[in-house]
Amino acid sequence: MAKLELLMPKMGESIMEATILKWLKKEGDPVEQDEAILEIATDKVDSEVPAPESGVMGKVLYGEDEVIAVGTVIAYIHTDGEASVEVAAPVVEKVQEVAVAQEVVEQVMQPVEVAVQSVAKQNGHSGRFYSPLVLNIARTEGVSMDELEGLSGSGKDGRVTKKDILAYVKGGRQQQQRVAPNVQTAPSVQAAPKPAPSVSYEGQNVEIVEMDRMRRLIADHMVMSKQVSPHVTSFVEADVTNLVNWRNRVKGTFQKREGQKITFTPIFVEAVAKALKDFPLVNASVDGHRIIVKKDINIGIATALPSGNLIVPVVHHADNLNLLGITKRVNELVDKARNNKLSPNDTQMGTFTLTNVGTFGNLSGTPIINQPQVAILATGAIKKKPAVLETEHGDVIAIRHLMYMSLSYDHRSVDGYLGGSFLRRVADYLEAFDGTREI
């Protein structure tokens with residue numbers, strides 16, 4: 001009977017380790033090819049790992065909650081093959097990824113990785129890579145970058161693992177100054193203050209709900225974003241009567257032909273992509289005193305999950321897609337998100353984010369920037385209202401479909417003129433929508 005090595009899969013280009021959440025199969029259990037045998041978690045996605053071949057579950061080498069480097073043998077599967085020892089083929093393509101927050105997601109953790117690399121380059125540190133998970137623990141526990149640099153790591157190439165930093169914290173280390181003189185630490189290490197002491201609710205009529213893993217990541221990311229970026233929000237009202245009437249006209253035919261619905265979101269994505277080409281400084285990020293202008297237009301779509309959490313899948317190269325292509329891609333991403341099938345690539349490399357608060361009946365909102373981006377657009381509910389129209393025969397009052405939009409932007413790189421002009425341009429594209437176009 002052949003013994004097949006099951007490797008910890010690589011879940012993304014920057015993912016170097018993963019945590020075993022739960023073994024779905026025990027030693028001795030039969031397994032079928034592509035059947036999920038364990039659940040793992042990274043700082044970007046949670047995933048199920050399927051069996052590469054059918055057989056019997058062999059020796060399990062690591063337990064739950066252990067952090068394992070990618071490429072490490074974590075278990076064996078006994079098959080009926082003739083070879084004595086085989087190495088499992090890569091199973092990344094078969095992994096059924098589950099969405100995490102983002103911020104999750106490249107939008108959530110990319111600024112951490114960039115900042116850590118920047119620290120190493122600017123301050124002559126070792127250049128050793130620290131995973132976002134380790135940095136999150138460091139931030140929460142008040143561990144400075146200098147302390148991290150002094151830790152001996154048990155991971156691959158001497159990297160500090162979750163187990164290493166937790167052992168260091170539990171070992172009763174002396175609290176050190178969180179930011180050393182003349183050292184710029186990564187945003188995730190210094191961004192959020194240490195949690196307040198636990199409060200007793202004894203005798204109070206309350207229900208205590210522990211945040212799940214995704215909600216904790218979202219919470220940390222939102223706090224970091226508010227502390228990193230000085231937020232400004234601008235508002236505009238758009239007359240979207242033409243596109244509402246157009247959608248009402250084509251939605252039935254489109255669903256019969258394509259087998260899927262057309263919502264307002266793809267139209268918003270199209271308008272945003274056009275406006276980003278007009279105002280490229282909004283399609284950017286900030287690195288110290290440098291503005292990094294992104295040449296690719298990758299628009300993230302904030303998507304509500306059945307759990308109540310949010311995930312931000314990304315429409316890559318949105319400016320290169322027509323409305324039909326954007327519609328199909330948006331529908332595909334939303335469906336994958338709601339069915340826990342997003343891949344790491346689906347949530348990476350976003351350059352701008354769109355959130356449709358109108359889905360929940362909200363008129364408007366002041367969204368928090370999805371770091372390391374510099375702006376996020378919120379579209380509100382579309383309402384019928386009386387409006388004054390200018391005609392060649394004079395002003396008239398008519399019933400129109402109106403919608404508020406809000407843009408939150410990073411005032412370090414986007415001032416009021418740029419932010420307001422971009423927002424107005426998006427509204428202009430929506431108002432000028434051609435109601436006779438075909439899709």
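Is Ser-408 buried or exposed? Ser-408 is buried, at a relative accessible area of 1%. The close-ups below start from there, and keep in mind that the whole thing is a predicted model.

**View 1. Ser-408 and the residues around it.** You'll find Ser-408 in strand β21, which covers residues 394-410. Its side chain makes a polar contact of 2.9 Å with the side chain of Thr-233. The side chain of Ser-408 also gets to the backbone oxygen of Pro-367, this time at 2.7 Å. Leaving aside residues up to four places away in sequence, Ser-408 touches His-231, Val-232, Thr-233, Thr-366, Pro-367, Ile-369, Val-374, Ala-375 and Ile-376. With a relative accessible area of 1%, Ser-408 counts as buried because the cut-off is under 20%.

**View 2. Asn-298, a buried loop residue.** Asn-298 sits in the loop that runs between β13 (290-293) and β14 (299-301). Its relative accessible area is 4%, so Asn-298 falls under the 20% cut-off for buried. A polar atom of the Asn-298 side chain lies 2.9 Å from the backbone oxygen of Met-349. Not counting residues up to four places away in sequence, what else does Asn-298 touch? Besides Met-349, the list has Val-314, Val-315, His-316, His-317, Gly-350, Thr-351 and Phe-352. Look for Pro-313 too: it is 15 residues from Asn-298 along the chain, and the two C-alpha atoms are 9.9 Å apart.

View 3. Searching the whole structure turns up four aromatic pairs.

**View 4. Phe-279 meets Phe-422.** Here the ring centres of Phe-279 and Phe-422 are 6.4 Å apart and the planes stand at 85°, so the pair is edge-to-face. Phe-279 is in the loop between α8 (265-278) and β12 (284-287), while Phe-422 is in helix α10, so the pair links parts 143 residues apart in sequence. Phe-279 is buried, with a relative accessible area of 13%, and Phe-422 is buried too, at 0% relative accessibility. Ring pairs join Phe-279 and Phe-422 with Phe-352 in a cluster.

**View 5. Two charges over rings.** Which ring does the charged end of Lys-3 sit over? That would be the ring of Tyr-76, and the charged end lies 4.6 Å from its centre. Elsewhere, Arg-247 lies over the face of Phe-264, at 4.7 Å from the ring centre.

**View 6. The β12 and β13 hairpin.** These two strands pair in the antiparallel sense, with four bridges. Ala-284 stands opposite Val-293 in β13. Two residues lie between the strands of the hairpin, and Gly-288 in the turn has a positive phi of about 65°.

Note on methods. Residues are numbered from 1 along each chain as its sequence is written. This is a predicted model: local features need pLDDT of at least 70, side-chain atom pairs count only at pLDDT 80 or more; totals for chains, interfaces and linings use all residues. Side-chain values use heavy atoms; hydrogens and water are left out. Buried means under 20% relative accessible area, exposed over 50%, partly exposed in between (1.4 Å probe, protein chains only). Contact means heavy atoms within 4.5 Å. A polar contact is a pair of N or O atoms within 3.5 Å; within protein, one must be able to donate a hydrogen and the other to accept it, and residues adjacent in sequence count only if both atoms are side-chain atoms. Rings of Phe, Tyr and Trp (its six-membered ring) pair if their centres lie within 6.5 Å; planes under 30 degrees apart count as stacked, over 60 as edge-to-face and the rest as tilted. A charge sits over a ring if NZ of Lys or CZ of Arg is within 6 Å of the ring centre and within 35 degrees of the ring normal. Two strands pair if DSSP finds at least two bridges between them.
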